[in-house]
Amino acid sequence: MAQAPSRPAALVTGSTSGIGRGIATALAAEGYNITLHGLGDPAEIAALQKELSDRHGVEVRYDAADLTQVEATEAMMDAAIAAFGRLDVLVNNAGIQHVSPVEDFPVARWDAILAINLSSNFHTIRKAVPTMKAQGSGRIINLASAHALVASPFKSAYVAAKHGVAGLTKAVALELATSNITVNAICPGYVWTPLVERQIPDTMKARGMTEEQVKQEVLLKAQPTKQFITIEQVAAYAVFLCSPAAANITGAILSMDGGWTAQ
Ligand code: NAD
């Protein structure tokens with residue numbers, strides 16, 4: 001008797017929080033075995049693992065690799081591929097932010113943002129591609145940002161890294177175009193997550209504003225819809241990019257920004 005095909009497998013970096021958590025949840029609901037990844041409270045992460053596997057009947061493992069460390073990133077990829085014997089979807093989502101005028105920008109923050117938001121994508125992709133090529137299929141989704149297309153002041157490292165993610169996405173998409181592996185970047189505007197919440201105090205300081213002014217005059221000012229994007233909307237977009245209907249979407253820098261970059 002033929003063996004039942006194994007479940008597809010997805011790895012989502014930075015899936016202990018925010019958008020990544022939403023994408024991992026949506027992929028589990030689609031029947032993917034999941035490698036969760038990111039930093040955070042071990043008890044909360046264990047609870048998320050159990051919730052996803054109980055609710056969707058999939059296997060959910062967890063890796064705590066620090067993405068500033070190349071060897072740890074490589075080990076995370078090797079372990080994820082070995083655990084499920086395949087890798088169908090790689091979502092490069094982990095990211096950090098720092099808000100500061102360029103002349104005061106801490107060098108260590110620049111280095112960390114470039115390492116986590118950009119270089120880690122290179123390291124996970126180069127480790128994923130041989131397995132995806134051997135399988136004859138794969139989906140790579142990079143969480144870029146509206147800041148992959150346009151800039152804001154005081155975010156030099158983030159904007160540089162996200163523009164880099166757009167370039168990496170296009171280059172690798174072309175390399176893999178005949179391999180049935182698509183590579184795309186989702187570029188959200190502001191999504192209400194811990195990453196956005198955490199930058200409010202620094203933006204208040206850098207611009208001399210109140211919290212409400214930052215929300216209305218900085219964050220939502222950029223978005224003509226005057227609404228935050230939801231985590232669920234980004235997750236649904238990622239699920240679509242993994243579907244057969246998206247097989248000819250590759251190398252695309254996909255905006256989901258309430259009209260921000262149309263201006
Ligand atoms: P978040 O802060 O809620 O989650 C970030 C995740 O990255 C967490 O799981 C965290 O543990 C992980 N992480 C951070 N540093 C790490 C490290 N050194 N090693 C391993 N993991 C690390 O952020 P979010 O808002 O959900 O953002 C997710 C992605 O979406 C980021 O790439 C971000 O730039 C992008 N994005 C966010 C927004 C937004 O408005 N929230 C908009 C556009 C793009």
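A polar contact is a pair of N or O atoms within 3.5 Å; within protein, one must be able to donate a hydrogen and the other to accept it, and residues adjacent in sequence count only if both atoms are side-chain atoms. This is a predicted model: local features need pLDDT of at least 70, side-chain atom pairs count only at pLDDT 80 or more, and totals for chains, interfaces and linings use all residues. Residues are numbered from 1 along each chain as its sequence is written, and side-chain values use heavy atoms, with hydrogens and water left out.

**Exercise 1. Describe the ligand's surroundings and its polar contacts.**

Solution. 
- Step 1: Count the neighbours. The ligand is surrounded by 31 residues (a heavy atom within 4 Å). The closest are S17, N93, Y158, V191 and T193.
- Step 2: Take the side chain. Y158 places a polar side-chain atom 2.5 Å from a ligand oxygen atom.
- Step 3: Take the backbone. A polar backbone atom of V191 is 2.6 Å from an oxygen atom of the ligand. For L39, a polar backbone atom is 2.8 Å from a ligand oxygen atom.

**Exercise 2. Work out how α1 packs against α2.**

Solution. 
- Step 1: Locate the helices. Helices are DSSP runs (H or I, at least four residues), numbered from the N terminus. α1 spans residues 18-29 and α2 residues 42-56.
- Step 2: Read the geometry. The angle is about 25 degrees and the axes are 9 Å apart. Axes are lines fitted to C-alpha atoms over the stretch in contact, and angles run from 0 to 180 degrees between N-to-C directions.
- Step 3: Classify. α1 is therefore roughly parallel to α2. Angles under 35 degrees count as roughly parallel, over 145 as roughly antiparallel, 65 to 115 as roughly perpendicular and the rest as oblique.
- Step 4: The crossing is right-handed, meaning the near helix is turned clockwise from the far one by less than a right angle.
- Step 5: List the contact (heavy atoms within 4.5 Å). R21, A24, T25, A28 and A29 of α1 meet L48, E51, L52 and H56 of α2.

**Exercise 3. Repeat the analysis for α1 and α8.**

Solution. 
- Step 1: α8 covers residues 231-241 and packs on α1 at about 50 degrees, with axes 8 Å apart.
- Step 2: The two helices are therefore oblique to each other.
- Step 3: α1 crosses α8 in a right-handed sense.
- Step 4: From α1, G18, I19, G22, I23, A26 and L27 take part; from α8, I231, V234, A235, A238 and V239.

**Exercise 4. Characterise the packing of α3 on α4.**

Solution. 
- Step 1: α3 (residues 70-84) and α4 (residues 107-135) meet at about 30 degrees, with axes 10 Å apart.
- Step 2: α3 is therefore roughly parallel to α4.
- Step 3: Their crossing is right-handed.
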